Amino acid sequence: MEKLRKAVGDIVSELGPEKGSLLAILLAVQDASPESYVSEEAVNEIARLLNTSRSMVYSTASFYSEISLMPRGRHIVRLCINAPCEDAGKEEIRKALEKELGIKLGETTQDKMFSLEGVSCLGACFMSPAIKVDDKVYGDLTPAGAVRVMRELKEAAKNEHIS
Amino acid sequence: MSTFRELDGYDRVFNFGNCDSSVSLSEYQQTGGYEALRMAIGNPKQALEEICRAGLRGRGGAAFPAGLKLKMMQGNTEKQRYIVCNADEGEPGTFKDRFIMNHIPFQLLEGLTIAAILAGAENGFVYIRHEYPLAQENIKRSIAEAEAAGLLGDNILGSEFSLHLKIFSGAGSYLCGEETALLSSIEGKKGRPRVKPPFPIEKGLWGKPTLINNVETLANIPAIIAKGSAWYRTLGTEDSPGTKLISLSGDVKKRGLYEVPFGTTFREIIENFGGGMKEVFDLKAVNIGGASGVVVPPEELDCPMEYGKCAERGITIGSGAVYVMDEQRSILGNVHNRVHFFLHESCGKCTPCREGLRQVNRIIDRVTAGEASLKDIENLERFTRCMQEASFCGLGQAAGNSLLSSLKYFREEYENSCVDCVEKTSERGELC
Ligand SMILES: Cc1cc2nc3c(=O)[nH]c(=O)nc-3n(C[C@H](O)[C@H](O)[C@H](O)COP(=O)(O)O)c2cc1C
Ligand code: SF4
Ligand code: FES
């Protein structure tokens, strides 16, 4: 709790305690959270520091789909669900990802490693079907290719754990 | 990314180079970059005249004359003004602004700086969607480099002009691309549209006059000033001078981003730039302008990409997304997908859009499941017309428009799925 207060405090003082900074603050708080979300405590703290109501902060936070008010996994796998990707085989990619991760679209794995989300166009339709894992876009994807990307991430996490 | 493709043999506004990386400041300057800024600082009046004479129109979708918007800014006496670059690029099927930001950031920054000087704005934002972290980084770095080189910040190139730019990240709302919703978003509120008028040029960010332009619009400005409006008008047509960046996707051989002179037909875009159809299947339909654009059959493709001619045919060039569907594709599937998109992105502020989309979704679900009747299709048409005419902002209006185009050209596909279709066609004496 203390730690969270300090982290939020640092972010707010860096970005400025104005209302115009609210969205940037929410995104930064989310980025700083190990569970990639904006918690209730964080909302309270932001409201306090910006001298505004919690409902105002919630109202902004809940409007934007890239801001999560629920804990998420360490890696966020975003599957594009718009028409060009849909037609290029998004359903097969979805099934492969759901099977590999053992979760459905919109869920987070029990070990909090992965969240799987359906998102709007990633601006990568010249290589549909596309997914984005954290900041990286993967295009011209096959179901096998999607599984490979997930396995590489799992492998990397395992190695991190050992070392 | 080597996906930027172009045809040889004509002049261009954009020079993405052949590289996979971002054109650096020194590379940009070696090829004439920042000459236009010098010229604009030396003679702002002439720079504005060139933009007006060039006939540059907004590339964000609404095609408003860019020079006129600048002149309107100049007509305002308020001292505190802003410039905002709209880099929210949310229209499904569009990736042009991403290419500009990732590959030619200085061309955008130079155009932005010139526009700011002409508009009298000393502060500004580049509103970039959250889905583009690399573009955010590249523009941030480029702003810092331009500042260090005296091309941004205080007293640009030693002149009395200054411009302070900040990046503002969106957070996954398509609606925030709408200019007034975007302003609310920067102000820390929900990204909901505001009543127009007042337009942003009158009362924009924090109530101050604000110039909002799309990335591609601004990136056109350096070439117009450096090479002149007469040169610019040699590209494109009398009605629509210059070129348009086309994001080509779907069932063509070569998907990618192309710089296409206005006046080129959509068929030429698909055949000459896209290399024709990818497989043996015939072309069934083309979706022009993204989710909010129209779906047209092959017969419409000989229409030149030109604002006037397209408007006559009910085609919206919009962001320049061209999505090609072969005969394996389902129009209903495509429409279904788009309705879901709009349902997700609608802010729910007005009834025609909020309730209209719900009703439309319900009907399309039934059509897809083969449970709808022809009466449902008539209702669908009524609802979409109502959305088109009565929605508060461009989202609902465009959603209605795009659905209507599919009904206009592909009604059979809807009707063939209806339970009472046979009766209807037997009246007409034909088979489904
Ligand atoms: C729902 C909706 C979404 C929009 N999205 C964008 C966008 O992502 N990028 C953009 O430049 N313009 C977008 N626009 C258009 C803007 O409202 C505005 O017309 C444009 O930014 C003006 O710049 P321009 O004159 O240079 O085109 C959108 C409009 C609507 C109604
Ligand atoms: S048309 Fe749709 S998005 Fe626009 S204000 Fe109405 S409900 Fe909101
Ligand atoms: S539609 Fe999937 S990346 Fe554009």
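In which loop of chain A is A:P129 found? I found A:P129 in the loop between strand 2 (114-119) and strand 3 (131-133) of chain A. Helices (H or I, at least four residues) and strands (E, at least two) are DSSP runs, numbered from the N terminus.

I noted that this is a predicted model, where local features need pLDDT of at least 70, side-chain atom pairs count only at pLDDT 80 or more, and totals for chains, interfaces and linings use all residues. Residues are numbered from 1 along each chain as its sequence is written, chains are lettered from A and ligands numbered from 1 in the order in which they are written, and side-chain values use heavy atoms, with hydrogens and water left out.

Cis peptide bonds. I looked up the bond between A:S128 and A:P129, which is cis with omega about -5 degrees. In chain B, the bond from B:K196 to B:P197 is also cis, with omega near -10 degrees. I placed B:P197 in the loop between helix 8 (179-186) and strand 4 (210-214) of chain B.

Positive phi. A:D140, which is not a glycine, has phi near 45 degrees. A:D140 sits in the loop between strand 4 (136-138) and helix 6 (143-162) of chain A. B:L157, also not a glycine, has a positive phi of about 50 degrees. I found B:L157 in the loop between helix 7 (133-148) and strand 3 (164-169) of chain B.

Accessibility. Why does B:L157 count as partly exposed? B:L157 counts as partly exposed because its relative accessibility is 32%; buried means under 20%, exposed over 50%, and partly exposed in between (1.4 Å probe, protein chains only).
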